[in-house]
Amino acid sequence: MAQTEAELLDNPVEGSPTLILRSPDFHAITEVVAEAVERRTPTGWWFFFLPALALLGLLGVAVSWLFWEGIGIWGLNVPVGWAWDITNFVFWVGIGHAGTLISAILFLFRQKWRTSINRSAEAMTIFAVMCALLFPGIHVGRVWVAYWMFPLPNQMSLWPNFRSPLLWDVFAVSVYGTVSVLFWYVGLIPDLATMRDRAKTSMRKYVYGFLALGWRGSVRQWNHYETAYLVLAALATPLVLSVHSVVSMDFAVSVLPGWHTTIFPPYFVAGAIFSGFAMVVTLMVICRTAFRLEHIITLRHFDYMAKIMLVTGSMVGYAYATEFFTSWYSGNPYEMFTFMNRALGPYAWAYWIMVSCNVISPQIFWFKKARTSIPILFALSIVINIGMWFERFVIIVTSLHRDFLPSSWGYFTPTMWDVACLIGSFGLFFTMFCLFVRFLPMVATSEVKTVLPQANPHDGHAPQRETKNRAARPGLGTPTPEGAS
Amino acid sequence: MPLLVPQLPKGPHYGILAEFGTPTDLYHACERVRDAGFTRWDAHSPFPVHGLERAMGIRRSPLPWIVLIAGLTGAAFGFGLQWLVHASAQPLVISGKPYFSWPAFIPITFELGVLFAAFGAVLGMLALNRLPMHYHPLFRSKVFERVTDDAFFISIESWDPRFDSAATRKLLESLGARSVELLES
């Protein structure tokens, strides 16, 4: 790592933190990002793409067999009517949330470090939402009537029940997917124009040129564009919080012990951001190494992401504790039984995998050495995602498998088709991600350029973030009125 | 289709295109072009330069109003749809709730409000920017290809009342332009 401790530390005297290392000029940023798309397909890419494509094929087989035979091919039984299908759904929706957090919420908070990772994190969101939408779609059994979920006028004069959280979910996740695509595409327009203007083959010129919509980088265009971007960020922020809240209401609005708790919405949102950041770390470690973007996606970015994982992981741990407290304080024997059964019953192994992966392991991020060590970050990002998958499994299956009457107790064991659907969904995700890094600029160059020091037109002054402090201190340059905003 | 093709000035020339080396040069040049009283002109940069729209004297985008209207329309549509279904078209007693159980309608009202607002933001932005517009006289310039990479430009259109191909070229050169080019229409 060519990065020193001093570069990682924010130096309040010298000015704003260095986000991009090796002080590249504007063209060097364009070059490194666009070149990754324009060069011949590297052999290494096929090593990721072909296995992912094979898993996607497996998903195709599993889903086809499911449609042919019905959901009986999964390990579902009478008390456990939801298991890996909905676990996978909640897992994938949660993964998506970090992308929106990075692209929208950190944008509103003026966290400029997001510019290096927001494009690929948003792509991750879209692909995760695709995986997520798959599972409720296929778990309905009779997929040919899945359109009943939408309020379409039909010959039976039937309408969906808008009072049901399951229908709120249909709307929340599909709106989330649509808005994520819009946000991502708007962010892509200037970079697609870059690809158009650099294109050497007519194929690229037409395709990128068509998608870039004739963008001319004009300031009058940027004026509307930046407003649109800000508005979309402001819309995506409450949207992303609402999506996982609605997902949690699928459970919380029922009267099942283990599901019927008011803590679910914030607890689910924290867990979603936690697992999503872990997935961003996994992907970014691979991308920065494979495409030599170490100076754009720096250890500082990983340091910040590790801090977010530490915070959200601890919030999740706090929520686990609160659930136990609430069940004890409620005095309800069914509530108390459900939680004792979670920690000590037949699924105790799953519960303790969840606790060790999600609550205990991220505590290592209290140490800066761990936050800036790529091997530790990579290993923990995978551990955390295993833990977060188990969290959804624990919530869903342990709450269901011991019903109110001991005569209707059961145990869920997955079949090979459950496993095929889960790993097949990873195939879908990684296939899409491989295609993304091959054909689209994976870093938002027009945004990264704005955080370079020379992008600031108010020469001699530090970037905007610091000018307010500087104004109070004579001798450090006088900011222009524009710079003070 | 006025949205998809550029409005072109009459006459043989579209205007003048001047390249500047840095965002700072562009910023100061824009201030001077603005003060010279030009109205039909633009600046071009690979990324949004901070404060440049003020240096050019551009007003704030009216886009938030479009988004507000679109969002309210979506929310009203969502709420109205649920009222129509549960209180008017197909009144059914579900879990003993009243037909018009409006608190249960809020999540979908919110989601559809956001959906419409997001489409309002994107389509509104494209309409205000007159995009998609795949042809434009500026694309005839070879140097203009670097506008999405590392080059900064000012373009002044020939139908500006103050436009004069010789004097405007001189002005842009005096502002530190690296190169000045007369573009055909």
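What share of the contacts in chain A with a separation of 6 or more comes from residues 24 or more positions apart? The figure is 79%. Keep that in mind as we go through chain A. One caution before that: this is a predicted model.

Chain A, then. Its secondary structure is 17 helices and zero strands. The radius of gyration is 24 Å, close to the 23 Å that the globule rule gives for 485 residues, so chain A is as compact as a globular protein of that length. Its C-alpha atoms fill a box of roughly 80 × 50 × 45 Å along the principal axes. As for burial, 48% of the 485 residues of chain A count as buried.

Now chain B. It is divided into two parts: domain 1 covers 13–60 + 132–184, and domain 2 covers 63–128. Where do their centres sit? Taken over C-alpha atoms, the centres of domain 1 and domain 2 of chain B are separated by 44 Å.

Let's take the strands of chain B. Start with strand 1, residues 13–20. Seven of its eight residues are buried, so strand 1 of chain B is mostly covered. Strand 1 pairs with strand 4, residues 179–184, in the antiparallel sense, over six bridges. Strand 1 is also joined to strand 3 by six bridges, again running antiparallel. Look at Ala18(B). Its bridge partner in strand 4 of chain B is Val180(B). In strand 3 of chain B, Ala18(B) stands opposite Ile154(B).

Ile154(B) comes up again. It stands opposite Ala43(B) of chain B as well. That brings in strand 2. Strand 2 and strand 3 of chain B, the latter residues 152–157, pair in the antiparallel sense over four bridges. Both faces of strand 2 are covered. On one side, Trp41(B) and Ala43(B) are buried; on the other, Asp42(B) and His44(B) are buried.

Next, a loop. Between strand 2 (41–44) and helix 2 (52–55) of chain B lies Phe47(B). Is Phe47(B) buried or exposed? With 24 C-beta neighbours inside 10 Å, Phe47(B) counts as buried. And what does Phe47(B) touch, leaving aside its neighbours within four places in sequence? Its contacts are Ser446(A), Lys449(A), Thr450(A) and Ala455(A). Compare a residue elsewhere in chain B. Phe47(B) and Ser101(B) are 54 residues apart in sequence, and their C-alpha atoms are 49 Å apart in space.

Now to helix 4 of chain B, residues 106–128. It has 23 residues, and at 1.5 Å a residue it should span 33 Å. The end C-alpha atoms are 32 Å apart, which agrees. Of those 23 residues, 18 are buried, so helix 4 of chain B is largely enclosed by the rest of the structure. After helix 4 of chain B comes Arg130(B), with a positive phi near 50 degrees.

Last, the interface. How many residues of chain B are in contact with chain A? There are 58, and they meet 54 residues of chain A. The elements of chain B that give two or more residues to this side are helix 1 (23–35), strand 2, helix 2, helix 3 (63–89) and helix 4. Helix 4 of chain B gives the most, with twelve residues. By class, this side of chain B has 35 nonpolar, 15 polar and eight charged residues.

To close, two points to look for on the screen. Find Phe47(B) with its contacts in chain A. Then find helix 4 of chain B, which gives twelve residues to the side that touches chain A.

Key. Residues numbered from 1 in each chain as written. Chains lettered and ligands numbered in written order. Predicted model: local features only at pLDDT ≥ 70, side-chain atom pairs only at ≥ 80, totals over all residues. Expected span 1.5 Å × (residues − 1). Buried ≥ 20, exposed ≤ 12 C-beta atoms within 10 Å, placed from the backbone. Contact = placed C-beta atoms within 7 Å. Domains from an automatic or database assignment. Pairing = 2+ DSSP bridges. Rg over C-alpha atoms; globule rule 2.2 N^0.38 Å. Nonpolar A, V, L, I, M, F, W, Y, C, P; charged D, E, K, R; others polar.
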